[in-house]
Amino acid sequence: MSEQHPYRPTIPPVPDSVPRPLWSVMIPTYNCAEYLRQTLASVLAQDPGPDVMQIAVVDDHSTLDDPAAVVEELGRGRVEFYRQPHNVGLVKNFQTTLELSRGKLIHQLHGDDLVRDGFYQKMQRVFIDNPEIGAAFCRHIVMDEHSHWQHISVLEHEKSGVLPNSWLDLIAGFQRIQTPSIVVRREVYEKLGGFDHRLTMSEDWEMWVRIAANYPIGYEVEPLAIYRKRSNSISNINNKNGKHFEQISKAVNIFLAYLPKEKADKLYKQTMQNCAFHALEIADEMLAEGDMHSTINLIREALKCSRSFRVVRSAGRIILLNGTVWLWQRGRTAVDSQSSKSKETTGALTNSNSCKE
């Protein structure tokens with residue numbers, strides 16, 4: 001059991017009297033019932049039965065849809081459902097999934113993400129073959145809100161198995177794991193505690209670094225999980241307004257304390273520069289969409305993360321090159337609009353004069 005920590009809630013062990021399945025598939029949801037159908041279907045298609053797998057949906061008091069109806073329709077009594085008495089927020093809802101879990105292996109699967117055939121069988125094999133690991137993850141596929149695949153995550157290692165100790169530097173340098181792709185032993189959460197209360201975002205990154213700093217990590221090369229990016233998701237909204245990057249900075253300062261000081265000092269600048277480039281990448285996308293307000297917010301957050309020469313140069317490129325193109329396009333739009341209005345006015349005057357005759 002974990003020691004008391006001021007910012008990490010304790011995850012108590014499952015009582016001896018409670019039956020323990022191997023798996024707990026815990027599905028946090030909030031206003032995403034339209035996607036929950038696909039999520040549950042992907043799990044139920046691989047269901048080994050209640051003695052082996054707990055399946056539970058934990059809803060953060062959704063107001064725009066009815067996840068309970070979806071669970072009843074698809075689960076038919078097989079899927080547990082818990083509804084928060086009021087909206088508690090993303091991190092607290094994730095925390096509740098850990099507290100309600102009974103299995104030895106916990107898989108948190110967001111209510112709009114999916115698993116591919118073979119996920120549970122192959123991830124279980126990684127744990128069987130490598131009993132020393134505390135967690136294991138696989139490659140993941142990113143898809144959009146219409147279920148179109150966009151890209152696949154990088155290959156962390158040439159073959160499945162235990163990642164080298166040096167991988168800790170990589171996960172501390174950049175967020176490489178999406179939640180639906182990782183499975184964690186429950187006893188690890190019991191020892192290390194739950195999600196850090198100081199974070200409202202990037203809580204997952206902090207957790208993965210915390211685990212990697214204390215346990216070997218397993219890896220499956222096959223992409224068996226699918227992460228969905230939605231334009232109206234909380235994460236995407238906070239990416240645009242820059243709030244996510246404030247939380248990223250806080251998370252980095254928290255988890256670098258888990259590393260030896262010399263290594264942490266060396267990694268800090270590189271990690272923050274990586275975060276800055278991530279912000280600039282999104283800023284570029286926002287500018288291409290004509291969203292100048294979000295672009296400025298993101299450039300500001302990027303420069304808060306790092307003011308290295310490379311970051312400043314990249315920010316300048318967005319402002320000078322892409323910004324010039326954006327202004328030119330706006331100018332052309334204004335000219336075309338004015339031209340259209342002039343033609344409409346001329347036409348109206350012509351018609352008016354004709355009517356007088």
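**Salt bridges in close-up**

**View 1. Salt bridge between the side chains of R78 and D47, with an N to O distance of 2.8 Å.** In this predicted model, the pair joins distant parts of the chain, its two residues lying 31 residues apart. R78 belongs to the loop between α2 (67–75) and β3 (80–83), and D47 to the loop between α1 (33–44) and β2 (53–59). R78 is buried, at a relative accessible area of 18%, whereas D47 is partly exposed, at 27%.

**View 2. Salt bridge between the side chains of E222 and K122, with an N to O distance of 2.4 Å.** E222 is in strand β10 (residues 217–228) and K122 is in helix α4 (residues 119–129), so the contact ties together parts that are 100 residues apart in sequence. E222 is partly exposed, with a relative accessibility of 27%. K122 is also partly exposed, with a relative accessible area of 30%.

**View 3. Salt bridge between the side chains of E190 and R186, with an N to O distance of 2.8 Å.** Both residues lie in helix α6 (residues 186–192); because they are four residues apart, about one helical turn separates them. E190 counts as buried, at 11% relative accessibility, and R186 counts as buried, at 2%.

**View 4. Salt bridges of the predicted model, 14 by count.** Among them are the pair R78 and D47, the pair E222 and K122, and the pair E190 and R186.

How values were computed
Residues are numbered from 1 along each chain as its sequence is written. This is a predicted model: local features need pLDDT of at least 70, side-chain atom pairs count only at pLDDT 80 or more; totals for chains, interfaces and linings use all residues. Side-chain values use heavy atoms; hydrogens and water are left out. A salt bridge is a side-chain nitrogen of Lys or Arg within 4 Å of a carboxyl oxygen of Asp or Glu. Buried means under 20% relative accessible area, exposed over 50%, partly exposed in between (1.4 Å probe, protein chains only).
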